[in-house]
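Dear colleague,

I am passing on the structure that we spoke about, with the sequence alongside it.

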Amino acid sequence: MKHIVKILSLLVAISAFWIGLLQAAIVPRSYTWLLPIYFVVSLGCYGLLMVGIGLMQFPTCPQEAVLLQQDIAEAKDFFKHKGVDVGSD
């Protein structure tokens, strides 16, 4: 819920800023109408940056990988004893 409130407050702040620029005529109207496009492009770049940073900092857990392989082997043995075809090894 906190994330939704943060997003909505950011959207309201950006909308107020945009409307303020339109009303004050500080920036020419031809540039002001491009602000939503700049915002969407900037948001996309920010999203890609966050995904890239997340991938670079993704933790590797060799111990967990070994445990997962053991769990998979146990599950295959369990299902083989039950008569379920689990595919080739």
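How many disulfides does the structure hold? The structure holds 0 disulfides, a disulfide being counted when a pair of cysteine sulfur atoms lies within 2.5 Å. In general terms, a disulfide is a covalent bond between the sulfur atoms of two cysteines. As for cysteines here, Cys45 has a relative accessible area of 47% and is therefore partly exposed, and Cys61, with 40%, is partly exposed as well; in this scheme buried means under 20% relative accessible area, exposed means over 50%, and partly exposed is what lies in between, with a 1.4 Å probe and protein chains only.

Please keep in mind that this is a predicted model, in which local features need pLDDT of at least 70 and side-chain atom pairs count only at pLDDT 80 or more, while totals for chains, interfaces and linings use all residues. Residues are numbered from 1 along each chain as its sequence is written, and side-chain values use heavy atoms, with hydrogens and water left out.

Confidence and overall form

The mean pLDDT of the protein is 83, and 93% of its residues reach 70 or more, where pLDDT is the predictor's confidence in each residue, on a scale from 0 to 100. Among the elements, the lowest mean pLDDT, 71, belongs to helix 2 (residues 29-32), and the highest, 90, belongs to helix 4.

The protein has 4 helices and 0 strands, both being DSSP runs numbered from the N terminus (H or I with at least four residues for helices, E with at least two for strands). Read along the sequence, this gives the pattern α-α-α-α. The radius of gyration is 26 Å, well over the 12 Å that the globule rule gives for 89 residues, so the protein is more spread out than a compact globule; the radius is taken over C-alpha atoms, and the rule is 2.2 Å times the number of residues to the power 0.38. Along its principal axes the C-alpha trace spans about 75 × 25 × 25 Å, and of the 89 residues 3% count as buried.

The helices and the annotated span

Helix 1 (residues 2-24) has 23 residues and reaches 33 Å from its first C-alpha to its last, close to the 33 Å expected at 1.5 Å a residue, where the expected span is 1.5 Å times one less than the number of residues. Just after helix 1, Ala25 takes a positive phi of about 60°.

Further along, the unreviewed UniProt entry carries the annotation "transmembrane region" for residues 34-55; the positions are given in the numbering used here, feature names are shortened, and such annotations may be inferred rather than shown by experiment. In the model, residues 34-55 are 95% helix and 0% strand, and the end C-alpha atoms of this span lie 32 Å apart.

Helix 4 (residues 62-82) has 21 residues and reaches 30 Å between its first and last C-alpha, close to the 30 Å expected. Val66 is found in helix 4 and is partly exposed at 47% relative accessible area; although Val66 and Gly44 are 22 residues apart in sequence, their C-alpha atoms are 37 Å apart in space.

Just after helix 4, Gly83 takes a positive phi of about 90°, and with a relative accessible area of 64% Gly83 is exposed. The C-alpha atoms of Gly83 and Val41, which are 42 residues apart along the chain, are separated by 54 Å.

The aromatic pair

The structure holds 1 aromatic pair. The rings of Phe78 and Phe79 have their centres 5.4 Å apart and their planes at 70°, so the pair is edge-to-face; rings of Phe, Tyr and Trp (its six-membered ring) pair if their centres lie within 6.5 Å, with planes under 30 degrees apart counted as stacked, over 60 as edge-to-face and the rest as tilted. Phe78 is partly exposed at 46% relative accessibility, and Phe79 is partly exposed at 38%.

With best wishes
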